[in-house]
Amino acid sequence: MGTIRLTGDDWRLLRDLRLAALADAPHAFGSSLAGEEGLGEADWRRRLAGGLWTVVSPDGVPAGLVGAYVREPDTPMLVSMWVRPGARGLGIGNLLITDVLRWAAENRWSRVVLRVADGNDAARKLFLRHGFEPTGEREPLASDPGVGTELLARVV
Ligand SMILES: CC(C)(COP(=O)(O)OP(=O)(O)OC[C@H]1O[C@@H](n2cnc3c(N)ncnc32)[C@H](O)[C@@H]1OP(=O)(O)O)[C@@H](O)C(=O)NCCC(=O)NCCS
């Protein structure tokens with residue numbers, strides 16, 4: 001079970017996985033299905049060009065997605081991690097996180113950050129297992145300001 005880094009021509013795959021993620025787990029993400037289902041080819045290509053997008057496809061069927069982009073100098077942010085419900089608990093999340101950490105190391109960045117929503121215990125435990133630590137830096141989830149999020153960080 002390997003990881004594949006997407007390139008510009010994979011924009012349909014990115015779109016399909018991302019829209020499936022937003023439909024399946026709206027509570028986990030800062031953006032909403034309504035905000036992304038109208039995006040076009042140029043938007044998805046721009047998103048692909050703006051950072052790392054990695055997919056895991058056990059048996060050739062794409063089942064997991066993660067993104068990362070450099071929002072502040074030297075610090076990529078892991079975003080949009082999702083595994084299809086039928087493929088959870090198999091370690092796909094591990095492969096996705098590991099590829100983001102590898103990408104950061106390749107670029108000699110010193111830290112990776114991410115935001116996790118309160119109550120998303122499966123994701124939080126997985127990130128803590130991979131060495132991410134709570135920072136206490138909190139902000140509301142953009143798609144549902146009633147829900148809080150916390151920034152987790154890990155040294156590369
Ligand atoms: C968070 C997520 C990416 C984890 O992916 P994964 O490939 O299942 O990760 P793992 O295989 O390491 O399993 C994570 C946990 O779910 C448990 N799990 C096992 N089978 C499961 C199943 N069928 N469904 C849900 N969780 C399951 C695992 O045992 C593990 O729990 P543990 O930490 O107590 O051992 C996935 O649950 C997901 O896509 N959730 C919705 C979107 C989301 O929350 N994204 C993160 C945003 S910050």
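Leu39 sits in the loop between α2 and α3. Helices (H or I, at least four residues) and strands (E, at least two) are DSSP runs, numbered from the N terminus. The model is predicted: local features need pLDDT of at least 70, side-chain atom pairs count only at pLDDT 80 or more, and totals for chains, interfaces and linings use all residues. Residues are numbered from 1 along each chain as its sequence is written, and side-chain values use heavy atoms, with hydrogens and water left out.

- Leu39 counts as partly exposed because its relative accessibility is 24%. Buried means under 20% relative accessible area, exposed means over 50%, and partly exposed lies in between (1.4 Å probe, protein chains only).
- Leu39 touches Trp44 and Arg47, not counting residues up to four places away in sequence. Contact means heavy atoms within 4.5 Å.
- Leu39 and Gly136 are 97 residues apart in sequence. In space, their C-alpha atoms are 33 Å apart.

**Helix α1**

- Helix α1 covers residues 11-24, which is 14 residues. At 1.5 Å a residue, α1 should span 20 Å, and its end C-alpha atoms are 20 Å apart, so the two values agree. The expected span is 1.5 Å times one less than the number of residues in the helix.
- The buried residues of α1 are Trp11, Leu14, Leu17, Arg18, Leu19, Ala21 and Leu22.
- The cover over these buried residues includes two helices, α2 (33-36) and α3 (41-49). The cover also includes the strands β2 (52-56), β3 (64-72) and β4 (75-83).

**Arg18, a buried residue of α1**

- Arg18 is found in helix α1. Arg18 counts as buried because its relative accessibility is 3%.
- The side chains of Arg18 and Glu36 are joined by a polar contact of 3.2 Å. A polar contact is a pair of N or O atoms within 3.5 Å; within protein, one must be able to donate a hydrogen and the other to accept it, and residues adjacent in sequence count only if both atoms are side-chain atoms.
- The side chain of Arg18 also makes a polar contact with the side chain of Ser80, at 3.5 Å.
- Arg18 touches Phe29, Ser31, Glu36, Trp44, Arg47, Leu65 and Ser80, leaving out residues up to four places away in sequence.

**The ligand**

- There are 19 residues around the ligand. Those that come nearest are Met81, Val83, Asn120, Lys125 and Arg129. A residue is near a molecule or strand if one of its heavy atoms lies within 4 Å of it.
- Val83 uses its backbone: an N or O atom there lies 2.8 Å from an oxygen atom of the ligand.
- Lys125 has a polar side-chain atom 2.8 Å from an oxygen atom of the ligand.
- Arg129 has a polar side-chain atom 2.7 Å from an oxygen atom of the ligand.
- Taken alone, the ligand exposes 920 Å², and the protein buries 72% of that. Accessible areas come from the Shrake-Rupley method with a 1.4 Å probe; for residues, only the protein chains shown count as cover.

- Leu95 is found in helix α4 (residues 92-106). Leu95 counts as partly exposed because its relative accessibility is 27%.
- Leu95 and Thr3 are 92 residues apart in sequence, yet 7.0 Å apart in space, C-alpha to C-alpha. Leaving aside neighbours within four places in sequence, Leu95 is in contact with Met1, Thr3 and Val56.
- Val70 lies in strand β3. Val70 is partly exposed because its relative accessible area is 35%.
- Val70 and Gly51 are 19 residues apart in sequence and 7.1 Å apart in space, C-alpha to C-alpha. Leaving aside neighbours within four places in sequence, Val70 is in contact with Thr75, Pro76, Trp103 and Trp109.

**Positive phi**

- Most residues other than glycine have a negative phi.
- Asp59 is not a glycine, yet has a positive phi of about 60°. Asp59 is found in the loop between β2 and β3. Asp59 is exposed, with a relative accessible area of 79%.
- Arg108 also has a positive phi, near 60°, and is a residue other than glycine. Arg108 is found in the loop between α4 and β5 (111-117). Arg108 counts as exposed, at 73% relative accessibility.

**The record**

- UniProt places the feature "domain: N-acetyltransferase" at residues 15-154, in an unreviewed entry. UniProt positions are given in the numbering used here, feature names are shortened, and annotations may be inferred rather than shown by experiment.
- Over residues 15-154, the chain is 34% helix and 36% strand. The end C-alpha atoms of this stretch are 28 Å apart.
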